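I opened this notebook to record what I looked up in one structure.

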Amino acid sequence: MAASASRIILLQFLEDNKKCLRADLPRKQPAIIPPEKVCLHIPAMTNPSQQNPVACYSPERVQQVIDHFYPGETPLKQLLLRHSRQVRDKALAILAMPGNERLGLSADMASAAAMLHDLGIGQCHAPSILCTGQEPYLAHGLIGARLLRDYGRQTGEDWEACARVCERHTGTGITAEDVRRQQLPLPERDFLPETPLEKLICLADKYFSKSGDLQEKTRDQILRELSRFGPKTVRRLKDLWDFFNLGQ
Ligand SMILES: [Fe+2]
């Protein structure tokens with residue numbers, strides 16, 4: 001399809017959705033960009049959809065987004081959903097701890113971010129967890145973020161808060177120095193959890209793997225596993241526990 005024709009269709013789609021929003025009508029399904037067409041090397045934008053309304057974080061809308069990128073019922077989708085629900089439930093449990101109401105995070109927002117944090121794994125290569133894509137697994141956060149940003153550009157929604165969660169949840173975050181020293185397959189910049197939402201999902205994710213017995217890990221297990229990445233990683237983990245009033 002010629003570029004100008006695509007642009008006309010996209011503009012018409014955005015205009016139609018604005019009408020739906022104004023009239024409180026069901027929104028149209030977005031034009032689909034297959035996940036495999038999203039380029040890993042598109043330069044990241046801080047907030048490309050600043051003009052768009054913040055996305056609706058209802059569980060139904062979030063499930064639509066997941067279904068968009070993972071159509072049908074596949075073993076990978078089942079694994080993704082199971083893991084994401086475990087992370088969601090843990091995030092909500094942490095959020096319910098005394099003192100954490102100060103963070104002002106809604107349950108819907110925490111749930112949405114948890115359900116979408118691993119959206120990029122389908123494009124990565126990790127056969128042991130059913131991921132048969134080509135990209136390095138470490139890039140799954142960055143890929144998920146770009147999927148959400150591109151999707152938001154199509155639908156006229158701002159998914160930026162969840163996109164940032166995707167790119168900042170790996171380990172206890174990754175620094176530019178980590179990328180440089182370990183020659184990681186990522187752009188050389190910091191991917192550290194900064195907002196309460198980013199910290200919450202990063203921490204909740206540490207309690208669950210997508211392989212093995214899939215049971216919740218103990219704090220000692222998490223500490224042991226992350227200590228191989230060095231003292232700075234352990235320090236950030238303890239800071240996360242402290243931030244959510246879970247002690248050190
Ligand atoms: Fe995860």
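**Entry 1: contacts and overall layout.** I began with the range of the contacts in the chain: of those between residues at least 6 apart in sequence, 65% join residues at least 24 apart. I noted that the model is a predicted one. I counted 10 helices and three strands in the chain. Reading along the sequence, I found the order α-α-α-α-β-β-β-α-α-α-α-α-α. I then looked up burial, and 36% of the 248 residues count as buried.

**Entry 2: confidence.** I looked up the mean pLDDT of the chain, which is 84, with 79% of the residues at 70 or more. Where is confidence lowest, and where is it highest? The lowest mean, 41, belongs to helix H1 (residues 3–23), and the highest, 98, to H8. Over residues 1–49 the pLDDT stays under 50. For that stretch the model has 47 contacts beyond four places in sequence.

**Entry 3: the largest nonpolar core.** I turned to the largest nonpolar core, which has 46 residues. Which of its residues touch the most other members? They are Leu116, Leu148 and Ile201. I then checked which helices supply at least two residues each to this core, and found helix H2 (59–69), helix H3 (75–95), helix H4 (107–116), helix H5 (140–155), helix H6 (160–167), helix H8 (196–205) and helix H10 (231–243). For Leu148 I listed the contacts, leaving out residues up to four places away in sequence: Leu116, Leu119, Trp159, Cys162, Ala163 and Cys166.

**Entry 4: helix H4.** I asked how many residues of H4 are buried. Seven of its 10 residues are, and I recorded the helix as mostly covered. The buried ones are Ala110, Ser111, Ala112, Ala113, Ala114, Met115 and Leu116. I followed their packing and found H2, H3, H5, H6 and H8 as the partners.

**Entry 5: H2 against H4.** I took up one of these partners, H2. The axes of H2 and H4 are 10 Å apart, at an angle of about 15°. The crossing of H2 past H4 is right-handed. On the H2 side, Pro59, Val62, Val65 and Ile66 take part, and they meet Ser111, Ala112, Met115 and Leu116 in H4.

**Entry 6: H9 against H10.** Helix H9 (residues 219–227) packs with H10 at an angle of about 150°, and the axes are 8 Å apart. That makes the two helices, H9 and H10, roughly antiparallel, because angles over 145 degrees count as such. I noted Ile222, Leu223, Leu226 and Ser227 in H9 as meeting Thr233, Val234 and Leu237 in H10.

**Entry 7: Cys202.** Is Cys202 buried or exposed? I found 25 other C-beta atoms within 10 Å, so Cys202 is buried; the cut-off is 20 or more. Leaving out residues up to four places away in sequence, I listed its contacts as Arg168, His169, Thr172, Gly173, Pro193 and Leu240. I also looked up His117, 85 residues from Cys202 along the chain, and the C-alpha atoms of Cys202 and His117 are separated by 8.9 Å.

Note on methods:
Residues numbered from 1 in each chain as written. Predicted model: local features only at pLDDT ≥ 70, side-chain atom pairs only at ≥ 80, totals over all residues. Core = buried A, V, L, I, M, F, W, Y, C linked by C-beta atoms within 7 Å. Buried ≥ 20, exposed ≤ 12 C-beta atoms within 10 Å, placed from the backbone. Helix = DSSP H or I, 4+ residues; strand = E, 2+ residues; numbered from the N terminus. Contact = placed C-beta atoms within 7 Å. pLDDT = per-residue confidence, 0-100. Axes fitted to C-alpha atoms, helices over the stretch in contact; angles between N-to-C directions. Left-handed = near helix turned anticlockwise from the far one by under 90°. Parallel < 35°, antiparallel > 145°, perpendicular 65-115°, else oblique.
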